[in-house]
Amino acid sequence: MTSTQEQYDLVILGSGSTAFAAAIHAQELGKTAVMTEVRTLGGTCVNRGCLPSKNLIEAARLVYDAAHPRYPGLTPVHMPFSWAELVAQKDEIIEEYRDQHYESLLDDPDHMQVVTGQARLVSDHEVEVQSADGACRLIGSQLLIATGSQPRIPHLPGLVDVPYLTSDLLSSADDPWGTELREQPRSLLILGGGYIALELGQMFARFGTEVTLVTRGKSILSGYEPEIAEALTEILQEEGLRIVTGAQVRGVRKEGVGIALALQRHGSQHMFTAEQLLVSTGRRPNTQEIGLERAGVEVDQAGAVRVDRTLRTNISHIWAAGDVIGRETESQMATPVGAHDGKIAAHNALSGEPLREVDHSVIPRTIFTDPQVAVVGLTDEEAVAAGIACDCNTIPLSVVPRARAIRDTRGVIKMVLDGPTRRVVGISMLGVNAGEVIHEAAMALRFGATTDDFIDLIHVYPTMAEALKLVAISFTRDVSRLSCCAS
Ligand SMILES: Cc1cc2nc3c(=O)[nH]c(=O)nc-3n(C[C@H](O)[C@H](O)[C@H](O)COP(=O)(O)OP(=O)(O)OC[C@H]3O[C@@H](n4cnc5c(N)ncnc54)[C@H](O)[C@@H]3O)c2cc1C
């Protein structure tokens, strides 16, 4: 790259799903947009997040289910597998998906481009992109910050001196910064109790790695309904994961060919060792070293770019969306949120039409453990904190006909209501296909549904979605004493 200078309607820092949604919308509006990328085109989701994790998680489920059939009459079989081949097919899937959904969209260079290199704001209209080939300057009438997030690494004594993995273990061979895991560890210590720790922990355990998950929280999944965390803990423990909660890590060191972790729990000292360590203690927005101070863009206490509901930063022609805004405007770090908001940011920056505001009140989310955890709206605790006089009920999935029919009754469903109006304000489910079921709940919340709306809707029989109808009925009737079809 030579030292060049280019002018665009929209200059975007990043090339992830948020950036692409914005660039595509700019193109639709007949404007010019340029993205920038220091790592791999397409960002976290396709290259080292959603796609590779869900690919390998499903393979692990096949291996596990073969060895643990739920039906009498099916004989357990040990399914041999090759880690190297699994990793290679994962890389193929990533590449194919990246070609189809990212690279192939770059066929209109008059409107949409990507410049490779490390982007940094040098003023409130200029971005410098530095690569091994040189530097160039991109001038934007409008700018969008969509630099995403990266693993948050805690300050722990000894951690800087030991090798450790992050979720980047999922990245592919062609990622210049990646650390793809080429060999399956025999044993793995995981620091963290959030969704990435749990998804990867169960996956490794199902492939036969001995997994110990260590979290400082009272339970896994802090911020989720306690009934869900408790039920999932039991399920994971039954599968053989060791889960250590309430742990204060005192230090990490090399031990032979592996890692030793010293921790304090309920006043006593413990030591755990494993071949590898995976640090999965949350994610932080990529706001460092991108020159925000040069443009005067403010960040919040968590280091996320501060935005209003139109995704405008404190500088009127600079916008931000995706993981980089963290919890601003009650956002969440998830691909569909960034993609949805990237389009809104581009509309607000470029269309000249009235500004659109984001609405983050209904964001369905799924954790791809088996069974899945899926949530939307408020938890019981959040509803109380919001001053809602709430009413809550939790039922086991053993009352759902489909769960019984397929011999998988693991899990629970909890519904949170605004007591006086019976309006449903939150649903959390742990169960088979919860990630599909949650969409009915999300639509219901979007349109202000009450328990009667769930009860009056005829549900397909037998489906896991009947769990929603049953939990709604459970506020007034004993659901263990219903006939077929929850009537
Ligand atoms: C293991 C894992 C599993 C996940 N699973 C799911 C899931 O199942 N479902 C879901 O919805 N979400 C999931 N996520 C979250 C999801 O990946 C992110 O929310 C999403 O990718 C954020 O998109 P983004 O465009 O905002 O940021 P990113 O996708 O992170 O894109 C930002 C891009 O900007 C680049 N960049 C950063 N700084 C600079 C710079 N200075 N110059 C140039 N380029 C720069 C980065 O390299 C990156 O490519 C998962 C994440 C992880 C890590």
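**Close-up views of a predicted model**

**View 1. Q372 in strand β18.** Q372 is buried, with a relative accessible area of 17% (buried means under 20% relative accessible area, exposed over 50% and partly exposed in between, with a 1.4 Å probe and protein chains only). The residue is placed in strand β18; helices (H or I, at least four residues) and strands (E, at least two) are DSSP runs, numbered from the N terminus. The model is predicted, so local features need pLDDT of at least 70 and side-chain atom pairs count only at pLDDT 80 or more, while totals for chains, interfaces and linings use all residues. Residues are numbered from 1 along each chain as its sequence is written, and side-chain values use heavy atoms, with hydrogens and water left out. The side chain of Q372 reaches the backbone nitrogen of G435 at 2.8 Å, a polar contact (a pair of N or O atoms within 3.5 Å; within protein, one must be able to donate a hydrogen and the other to accept it, and residues adjacent in sequence count only if both atoms are side-chain atoms). Neighbours within four places in sequence aside, Q372 is in contact with residues including T366, M429, N433, A434 and G435 (contact means heavy atoms within 4.5 Å).

**View 2. Helix α11 and its packing.** A434, G435, V437, I438, A441, A442, A444 and L445 are buried in α11. An α-helix has 3.6 residues a turn, so residues three or four places apart point the same way. The buried residues of α11 pack against strands β17 (365-367), β18 (372-377) and β21 (423-431), and against helices α12 (451-456) and α13 (466-473). After α11 comes G448, with a positive phi near 70°.

**View 3. The shell around the ligand.** Of the 38 residues around the ligand, E37, T44, K54, A119 and D323 come nearest (a residue is near a molecule if one of its heavy atoms lies within 4 Å of it). The shell divides into 13 nonpolar, 19 polar and six charged residues (Ala, Val, Leu, Ile, Met, Phe, Trp, Tyr, Cys and Pro count as nonpolar, Asp, Glu, Lys and Arg as charged, and the others, Gly among them, as polar). Helix α2 supplies the largest share, four residues. Elements that each give at least two residues include α1 (17-28), β4 (118-121) and α8 (335-350).

**View 4. Polar atoms at the ligand.** One nitrogen atom of the ligand lies 2.8 Å from a backbone N or O atom of A119. An N or O atom in the side chain of Y195 is 3.2 Å from a nitrogen atom of the ligand. A polar backbone atom of T335 is 3.0 Å from a ligand oxygen atom. The protein covers 94% of the 1000 Å² of accessible area that the ligand has on its own (Shrake-Rupley method, 1.4 Å probe).

**View 5. Two loop residues.** G267, in the loop between β12 (258-265) and β13 (268-274), is exposed at 59% relative accessible area. E357, in the loop between α8 and β17, counts as exposed at 55%. Residues up to four places away in sequence not counted, E357 touches R309, T310 and I344.

**View 6. S474 after α13.** S474 lies in the segment after α13 and counts as buried at 12% relative accessibility. With residues up to four places away in sequence not counted, S474 touches N393, I395 and V479.
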